[in-house]
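Hi,

Here is the structure I said I would pass on. My notes follow below it.

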Amino acid sequence: MTTAGRPARLVRSREEGRRARRDRLMRGLAMAAAFVGVVPLFAVLFFVTLNGLGALDIDLLTRPPRALGIGGGASSAILGSLQMVALAAVIAVPAGVLAGAYVSEFAGSRAAAAVRFAADVMVGIPSILIGVFVFTMLVLPFRQFNAFAGSVALAIIMVPVILRTTEEVLRLVPRGLREASLALGIPIWRTVLSVALRTALPGILTGVMLALARAAGETAPLLFTALGSRLVNVGDFTRPMDALPIFIYTNARQPYPALNEQAWGAAFLLLLFVLVTNVALRGRAMLRTLST
Amino acid sequence: MLDLAFPWTTRVLAFIGVGLLGLIGLLLALNARLAFETFGLGFVTGTTWDPVRDVYGALPYVAGTLASSFLALLIAAPVGVLAAVYVAELAPRRVGVALAFLIELLAAIPSVVIGLWGVFVLSPFLRATVESWIVDTLGWIPLFRGPAFGIGLFAAGVILAIMILPTIVSISREVIVAVPRSQREAMLALGATRWEVVSGAVLPYARSGIIGAVILGLGRALGETMAVTMVIGNAQAIPDSLFDQAQTIASKIATTFNEASVGLQTSSLIALGFVLLVITVVLNMLARLLVARLATVSERLP
């Protein structure tokens, strides 16, 4: 019985109680899933830092691996990664940026969709197959594993990423800016280069750096191209070259704990570069969304 | 002059990119031809891989690939979709954005680093906890027969689940965010709880996109190489138990390609790669179409 003038007390039927419980349960599960998803990141970070810091010393940074047995360092791998990723960037950045400019500035909608689609599919191709592909093109004919092939393989992985970011950032550049430039009689190519691409430069650089970070961590495309090496190779792209990911892979498979430890040290270096790049570039964007 | 040359340069570069996709398929097919001509369809169903007798069959690796990827989906699909729902729909905005960022950061970790962690940390942990528990309680079922070494199919599945989780979460999140507000409001106006809004309005609307996200995750799992190679044990046989050591197409190529003699053996490995390429490209196209369709549909709606 309710008295007049006072609202009825809300009585929960059994059905409503069931619905409310189900709601709480599923929301709890969803929350648990999201937090479980973060656990591997911290687990990997924790163990790589723990084991990697212990292995990090001046020898690891400055000395090449011993030809046999244990000892030495990872300098061949560090130098190799720097050189191969740099050459890959020299190939991939102009190609990716200009192809991205085509999609955004010149292509009709169907051509743009086709290129975009192809780039997305390329991103999905397993990177080991890129390695096999480059092997058949640049290693098999010369019967020689070489660092140039490694760089080409890394470049093929970088191009679609750079293309897609360039194209997306260029679309954010206002039309009016281009029209103003054209109205001043500036030719189209200059407008695209000095107005559109210039305005989009920070975004393009972000994409390039993320692509670099990804390429620096790739192992599979290098296995059959640059091969890896125990020797320091500076500048000779016709011969095999070492790289940090290959160094980690081979040392992790060795039966000597000392070499396993070197793998952890190298993993720490690689992870440091990759994560600092990613956090610096994406973290800023995230913080901006947080503050709005 | 340049006004003509510049657009053409960019166009040529763009279509070199597209052409590369075809060239990859073409070159792999050409180099795989010898193996396909020698073994025919038997290549895919053959179970021996014997360099001494020069007989090559892909079935153990196809089986290992499918088994490990399926296991990864079994773990990562429910966790990933639920996590995406939380991050996009239920969490306070800041918490959601931060969690999504951290989960996506996981995708940036190089595969070989995850593999290193998998060998020395995750596998021993799994052996001591989950695996020994399953073997003790369910070991009488052939699928769960021990002994569990840590290294093997199960560890590979778990590692893959971790690696494809960011893909599933971030793409599911995008499609969930793209669901129009009106869909949710209609449900809420009927007195639905928040979970009922999710399960009754948001998920059905986003379904094709979420399926696309899961398929993209599957594509990544099938082709993932280094971390799997390091934890799956690289055994030659078709696995009978969840804890057997096995081999995937990608890990087979990674571990034996360099030692293979040029000729039928290399051709057979490239044929393995060609099979993998066809599967992943088809899956990727399918997934992209599913995700893209949803995006265009929701652009047309208010």
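**Notes on the two chains**

In chain A, take the contacts between residues at least 6 apart in sequence: 75% of them join residues at least 24 apart. Two residues are in contact if their C-beta atoms, placed from the backbone, lie within 7 Å. For chain B, with contacts again between residues at least 6 apart in sequence, 75% join residues at least 24 apart.

Some ground rules. This is a predicted model, in which local features need pLDDT of at least 70 and side-chain atom pairs count only at pLDDT 80 or more, while totals for chains, interfaces and linings use all residues. Residues are numbered from 1 along each chain as its sequence is written, and chains are lettered from A and ligands numbered from 1 in the order in which they are written.

**Chain A**

Chain A has 11 helices and zero strands. Helices (H or I, at least four residues) and strands (E, at least two) are DSSP runs, numbered from the N terminus. Along the sequence the pattern is α-α-α-α-α-α-α-α-α-α-α. The radius of gyration of chain A is 26 Å, well over the 19 Å that the globule rule gives for 292 residues, so chain A is more spread out than a compact globule. That radius is taken over C-alpha atoms, and the rule is 2.2 Å times the number of residues to the power 0.38. The C-alpha trace of chain A spans about 95 × 65 × 35 Å along its principal axes.

Of the 292 residues in chain A, 48% are buried. Buried means 20 or more other C-beta atoms within 10 Å of the residue's own; exposed means 12 or fewer; partly exposed is in between; C-beta atoms are placed from the backbone.

Two residues to look at:

- Val169(A) sits in helix α6 of chain A. Val169(A) is buried, with 22 other C-beta atoms within 10 Å. Leaving aside neighbours within four places in sequence, Val169(A) contacts Ala200(A), Gly203(A) and Ile204(A). Val169(A) and Gly207(A) are 38 residues apart in sequence, and their C-alpha atoms are 9.3 Å apart.
- Arg143(A) is in the loop between α5 (127-139) and α6 (147-172) of chain A. Its phi is near 50 degrees, a positive value in a residue other than glycine. Most residues other than glycine have a negative phi. Arg143(A) is exposed, with 7 other C-beta atoms within 10 Å.

**Chain B**

Chain B has 11 helices and two strands. From the N terminus the order is α-α-β-β-α-α-α-α-α-α-α-α-α. The C-alpha trace of chain B spans about 75 × 70 × 30 Å along its principal axes. Buried residues make up 53% of the 302 residues in chain B.

Asp54(B) is in the loop between β1 (49-50) and β2 (55-56) of chain B. Phi of Asp54(B) is near 60 degrees, again positive in a residue other than glycine. Asp54(B) has 12 C-beta neighbours inside 10 Å and counts as exposed.

Gly150(B) lies in the loop between α5 (111-138) and α6 of chain B. Gly150(B) is buried, with 20 other C-beta atoms within 10 Å. Not counting residues up to four places away in sequence, Gly150(B) touches several residues, including Ser123(B), Pro124(B) and Glu131(B). Gly150(B) and Ser132(B) are 18 residues apart in sequence and 9.2 Å apart, C-alpha to C-alpha.

Now a helix pair. The axes of α3 (residues 59-90) and α8 (residues 194-223) of chain B come within 9 Å and cross at roughly 140 degrees. Axes are lines fitted to C-alpha atoms, for helices over the stretch in contact, and angles run from 0 to 180 degrees between N-to-C directions. The residues of this contact divide into 14 nonpolar, three polar and two charged. Here Ala, Val, Leu, Ile, Met, Phe, Trp, Tyr, Cys and Pro count as nonpolar, Asp, Glu, Lys and Arg as charged, and the others, Gly among them, as polar.

**Where the chains meet**

73 residues of chain A are in contact with 68 residues of chain B. The largest share of the chain A side, 19 residues, comes from helix α1 (residues 14-55) of chain A. That side divides into 59 nonpolar, eight polar and six charged residues.

In α4(B), the buried residues include Leu99(B), Phe101(B) and Leu106(B). The buried residues of α4(B) pack against α1 and α11 (257-291) of chain A, together with α3 and α6 (153-177) of chain B.

Best wishes
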